[in-house]
Amino acid sequence: MEQESLFSTTTTNEPLAARLRPTCLEEYVGQTHLVGKGKILRRLIESDQISSMIFWGPPGVGKTTLARVIANTTHSTFIDFSAVTSGIKEIRTVMQKADLNASYGERTIVFVDEIHRFNKAQQDAFLPFVEKGSIILIGATTENPSFEINNALLSRCKVFVLQELKSEELVSLLKRALTDPKGFGNQTIHIDDNLLEMLASFANGDARMALSTLEMVILNSDINAQGQTTVTKETFEQCTSKKSLLYDKKGEEHYNLISALHKSMRNSDADAAVYWLARMLEAGEDPLYVARRVVRFASEDVGLADPRALELAIAAYQACHFIGMPECSVALTQAVVYMSLAPKSNSMEVAYLTAKVDALNQLAEPVPMNIRNAPTKLMKELGYNKGYKYAHDFEDHITSMQCLPDSLLGKEYYKPSEQGLEGRFKTRLQQIKDWKKAHAEK
């Protein structure tokens, strides 16, 4: 079985992203929470004490690059696997070789890209070798490891979550591409900073997309008689199919548009909400960001006036995650229209904000003894759980037991409105309060 070497230096016809791939931590961009000075992963790499781990994050954030950095700094045999092309036979062949190397005191690091694509049997083939230390496994995945990787294998790996690159990190990377001899450093390229910022916004946290797009716009820009290349906004728009709608996701217009969407839904203006949604998506906004805002809206502005609003909002978020743009635009439209037409109540937000004030002012307030757990004999002897009443043991499935601290007795945080279905919750809440008042312990 042939494995492509991580140490190949051939650059002929390589894409810009491949030519600029970092080979050491000093060149690596992003993930400062993991590889910044003094951070855990940086210390493990620099001290050559790598253990089995999983890199989880969206495309283009540096998962494979980080593995290559480890390949360049570790004193181990490094093997690169692809979950797309490797089968159980290939895995076992390499594992047996790694087992033999281990008997001679040689360590083997196996990097598996897209490890979530391996089925259970393929993942199980790694397990005995990880368990006995014949290999150190490094897997990269864009999917949640909790769902896509066997529990037995996952329990033996440290999961590191890689985040989307920030706009300023992408701009820094693009500027390096313009000056680095491995990029366009040997050419004279004229491109305004605002175009670099727009390009970074378009890339949506994906370094590979940012560099690929930069390469495309440069190759499609005009070269003058002196051999200088000038990138214009028109060329950028042609290459990205985006017009002047593009905006800085960290700037004022970003917040203006999401505010317009939120307020339109709150005001039950479905047409305006759909328009602002389209403005954001066609400008290159991350649909998952919009979906998260809709999820928040479902509880903040609809709440129990229509409990299904939250279900639909979460379903829309999942749809965006599964299919992405442009297909998910319809799912978001469905959610936005639903939120606009749903009855409105801000009782959930008011309840939490009111409770938050008390929680912050009384952080040391003890939990009443009757609702504390008592897993040990000593805790029982100290009175933990004494007086606890299990609601289901009572006829009405409710008791008059005190659950708030003494200093907060009588406090009311949730004050339901009459909007939509919340009127039913208001009636039920009043019934509960009346029952507790009638059965209050004297």
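Start by selecting Ala309, Leu312, Ala313, Ala316 and Cys320, the buried residues of helix α16. Buried means under 20% relative accessible area, exposed over 50%, and partly exposed in between, with a 1.4 Å probe and protein chains only. Helices are DSSP runs of H or I with at least four residues, numbered from the N terminus.

Before moving on, note that this is a predicted model: local features need pLDDT of at least 70, side-chain atom pairs count only at pLDDT 80 or more, and totals for chains, interfaces and linings use all residues. Residues are numbered from 1 along each chain as its sequence is written, and side-chain values use heavy atoms, with hydrogens and water left out.

**Around α16**

Now look down the axis of α16: its buried residues fall within an arc of 100 degrees, so they line one face of the helix. The arc is that of the directions from the helix axis to the C-beta atoms. Show α15 and α17 (328-341) as well, since the buried residues of α16 pack against them; contact here means heavy atoms within 4.5 Å. Turn to the face away from the buried side and you will find the exposed residues Glu311 and Phe322. Just after α16, pick Gly324, which takes a positive phi of about 65 degrees.

**The largest pocket**

Which helix gives the most to the lining of the largest pocket? It is α16, with five residues. A pocket is an open set of points on a 1 Å grid over the protein atoms alone, where a 1.4 Å probe fits, with protein on both sides within 12 Å along at least five of seven lines; lining residues have an atom within 4 Å of a point. About 1600 Å³ of space lies in this pocket. To centre your view, select Pro58, Glu164, Asn204, Asp286 and Leu288, the closest to its centre of the 47 lining residues.

**The second largest pocket**

Next, go to Met401, Leu404, Leu409, Gly410 and Lys436, the closest to the centre of the second largest pocket among its 21 lining residues. About 810 Å³ of space lies there.

**Last stop: α18**

Finally, select residues 347-361, which form helix α18. Ser347, Ala351 and Asp358 are its buried residues. Seen down the axis of α18, they fall within an arc of 35 degrees, so they line one face of the helix. On the face turned away from the buried side, look for the exposed Tyr352 and Leu360.

Key:
Helix = DSSP H or I, 4+ residues; strand = E, 2+ residues; numbered from the N terminus. Expected span 1.5 Å × (residues − 1). Points joined across faces, edges and corners; volume = space filled by probe spheres on them.
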